[in-house]
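Visitor: I would like to learn to read a model like this one, feature by feature. Can we take it in short steps?

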Amino acid sequence: FPGLADVSISQDIPVEGEITVPVGSHSPDEDYSTLDEPVKDTIMRDLKAVGKKFVHVMYPKKSSALLRDWDLWGPLVLCVSLALMLQGGSADSKDDGGPQFAEVFVIIWFGAVVITLNSKLLGGTISFFQSLCVLGYCVMPLTVAMLVCRLVLLAGAGTVSFIIRLIVVGAMFGWSTLASTAFLADSQPPNRKALVVYPIFLFYFVISWMILTFTPQ
Amino acid sequence: QGGGSAVIDMENMDDTSGSSFEDMGEMHQRMKEEEEEEAEGEAGAGEEEDGEFLGMKGLRGQLGRQVADQMWQVGKRQASRAFSLYANIDILRPYFDVEPVQVRARLLESMIPVKMINFPQKIAGELYGPLMLVFTLVAILLHGMKTSDTIIREGTLMGTAIGTCFGYWLGVSSFMYFLAYLCNAQITMVQMLSLLGYGLFGHCITLFVTYNIHFHSLFYIFWLVVGGLSTLRMVAVLVSRTVGHTQRLILCGTLAALHMLFLLYLHFAYHKVVEGILDTLEGPNMPPFQRVARDIPLVSNAVLNTTAKAIALTL
């Protein structure tokens with residue numbers, strides 16, 4: 001490279017100049033401004049984000065808003081409400097009130113973690129918490145199904161109510177699985193989608209089964 | 001950031017332009033303290049060890065800070081390297097590298113015993129299929145327990161199901177791997193896990209059918225046929241990888257016994273009622289199967305006795 005032969009800096013001439021960092025990002029200012037804003041604004045912003053994600057689950061389009069700003073508030077609320085509603089639904093309620101709640105909690109979170117690890121191991125491009133977020137939000141149709149089941153059971157517990165409950169839970173189970181598949185399967189190589197969908201199917205199947213076999217005392 | 005060298009750069013000793021507020025604050029504090037100490041030192045005895053420029057104390061302060069800094073950097077680098085080495089799930093990634101077609105093929109193959117036992121059979125060291133099968137078995141067990149109104153007093157249904165299935169898969173695999181090591185069989189731990197995991201496919205099918213259709217004879221037929229086929233496959237693969245008659249006998253006998261007994265245990269302990277079994281065996285006027293809530297720990301001995309009786313009577 002002949003052109004580089006005459007590029008040299010002599011040792012005794014100090015190299016000097018100015019380095020300016022372009023102040024394009026206003027993040028320090030933003031931090032201060034979100035610290036100074038009233039608490040109501042912070043809470044409303046978070047609530048709006050959670051609400052937007054719920055709407056995304058109801059109409060699962062392939063948008064990336066659910067994935068980009070993940071949060072775990074929605075899954076926590078859904079999980080706790082589902083666990084509370086499923087509690088006290090066994091024959092001996094004074095023994096099994098506690099474990100029922102813990103069971104549901106552990107199943108949901110442990111199952112979500114396992115599915116996330118599985119999709120990461122199969123070569124997925126989605127991050128750990130994004131996947132947890134999606135799986136948690138997609139429990140929402142099943143929570144709605146649980147509410148409906150409880151209402152139907154208030155009316156009576158015969159064969160007709162069982163058929164109604166079966167249809168409702170089945171529909172919601174399909175919706176949950178489709179919604180989470182729409183978000184998660186895209187991040188996989190195309191020929192391995194079935195490998196990721198199966199654990200999700202099993203996970204929501206177990207939750208649906210717990211909802212369907214719930215009988216209040 | 002240096003390349004981890006332990007040489008302290010003495011040129012930077014006198015660089016007092018702190019790069020952060022803390023450093024400037026520290027520097028100010030130290031200079032104030034040194035001024036006070038120097039004032040006291042001059043007022044008191046003059047036993048300074050070395051020089052009087054910004055003091056040996058100043059130098060030691062700088063030195064100490066630099067050493068502490070270096071040690072912090074090195075420690076942080078080592079910790080992050082160890083973390084990325086051991087807590088990396090990429091260690092498991094090669095075992096999950098499968099296609100759906102392969103999984104389906106292996107599931108079907110697990111029911112077909114191989115004929116060629118003189119040539120070591122290939123076992124795919126894959127963990128996706130076995131893991132999914134174990135979870136499916138957990139789901140089926142849960143279904144069985146719920147439909148028979150099993151109540152577990154110390155623990156939860158889910159905990160028991162997960163504990164049983166994973167305990168079987170991991171525990172029996174480890175035990176068989178240990179036996180294989182003793183008997184000089186050529187099989188690795190991952191292959192053992194994979195083999196046993198795929199053998200659970202037979203269990204899943206059997207339990208799925210018999211938890212829903214409650215005929216004892218149907219269960220025994222499934223137990224023999226489906227359980228037997230998957231056992232034969234596992235046994236054949238193990239035999240092809242072991243040399244010597246005694247070793248083959250030990251390995252295969254243990255595996256067959258554990259596999260078949262596990263299926264028996266799963267069916268009887270988690271679904272059928274003890275009183276129903278006794279009635280079927282003893283009286284012609286048997287009442288319909290009664291579902292009674294019972295305690296798992298108290299009943300397990302009774303179940304084992306009854307099972308032994310049942311087997312003895314049917315043979």
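Visitor: Leaving aside neighbours within four places in sequence, which residues is Cys79(A) in contact with?

Guide: This is a predicted model, so read everything as computed. Beyond its neighbours within four places in sequence, Cys79(A) is in contact with Phe105(A), Ile108(A) and Trp109(A). Cys79(A) itself lies in helix H4 of chain A, residues 73–85.

Visitor: Is Cys79(A) buried or exposed?

Guide: Cys79(A) counts as buried, because its relative accessibility is 2% and the cut-off for buried is under 20%.

Visitor: How far apart in space are Cys79(A) and Phe101(A)?

Guide: From C-alpha to C-alpha, Cys79(A) and Phe101(A) are 9.8 Å apart. In sequence, 22 residues separate the two.

Visitor: Now the overall fold. What secondary structure does chain A have?

Guide: Chain A has nine helices and zero strands. For chain B the tally is ten helices and zero strands.

Visitor: Next, the core. What is the general idea?

Guide: In soluble globular proteins, nonpolar side chains tend to be buried together. Here, the largest nonpolar core holds 108 residues. Tyr204(A) and Leu251(B) touch the most other members. Helix H4 of chain B, residues 128–147, gives the most to this core, with 13 residues.

Visitor: Which residues does Tyr204(A) touch?

Guide: Set aside residues up to four places away in sequence. Then Tyr204(A) touches Leu135(A), Cys138(A), Val139(A), Leu142(A), Phe173(A), Ser176(A), Thr177(A) and Ser180(A). There is also a second, separate core of six residues, which includes Leu78(A), Cys133(A), Tyr137(A) and Met140(A).

Visitor: On to the interface. How is its size given?

Guide: The size of an interface is often given as the accessible area lost when the parts come together. Between chain B and chain A, the buried area is about 2,300 Å². Carbon and sulfur atoms give 67% of that area. Ile89(B), Tyr128(B) and Lys146(B) supply 21% of the area that chain B buries against chain A, more than any other three residues.

Visitor: How many residues are in contact across the two chains?

Guide: The contacts bring together 25 residues of chain B and 27 residues of chain A.

Visitor: What about charges and polar atoms there? How many salt bridges are found?

Guide: The rule finds two salt bridges across the interface of chain B and chain A. In one of these, the side chains of Glu99(B) and Arg192(A) meet at 3.1 Å, N to O.

Visitor: Which helices of chain B supply the side that touches chain A?

Guide: Helix H3 (100–109), H4 and H5 of chain B each supply at least two residues of that side. The largest share, nine residues, comes from H4(B). By type, the side of chain B that touches chain A divides into 16 nonpolar, four polar and five charged residues.

Visitor: Now a backbone feature. What should I look for in phi?

Guide: Most residues other than glycine have a negative phi. Asn184(B) has a positive phi of about 60 degrees, although it is not a glycine. Asn184(B) is found in the loop between helix H5 (157–182) and helix H6 (189–210) of chain B.

Visitor: Is Asn184(B) buried or exposed?

Guide: Asn184(B) counts as exposed, because its relative accessibility is 62%.

Visitor: Last, a loop residue in another setting. Where is Gln121(B)?

Guide: Gln121(B) is in the loop between H3 and H4 of chain B. With 14% relative accessibility, Gln121(B) counts as buried. Its side chain reaches the backbone oxygen of Met116(B) at 2.8 Å.

Visitor: What does Gln121(B) touch?

Guide: Not counting residues up to four places away in sequence, Gln121(B) touches Val114(B), Met116(B), Val237(B), Ser240(B) and Arg241(B).

Conventions:
Residues numbered from 1 in each chain as written. Chains lettered and ligands numbered in written order. Predicted model: local features only at pLDDT ≥ 70, side-chain atom pairs only at ≥ 80, totals over all residues. Heavy atoms only, no water. Core = buried A, V, L, I, M, F, W, Y, C linked by side-chain atoms within 4.5 Å. Buried < 20%, exposed > 50% of the residue type's maximum accessible area, 1.4 Å probe, protein only. Helix = DSSP H or I, 4+ residues; strand = E, 2+ residues; numbered from the N terminus. Contact = heavy atoms within 4.5 Å. Buried area = accessible area lost by both parts, 1.4 Å probe. Salt bridge = Lys/Arg side-chain N within 4 Å of Asp/Glu carboxyl O. Nonpolar A, V, L, I, M, F, W, Y, C, P; charged D, E, K, R; others polar. Polar contact = N/O pair within 3.5 Å; in protein donor to acceptor, adjacent residues only side chain to side chain.
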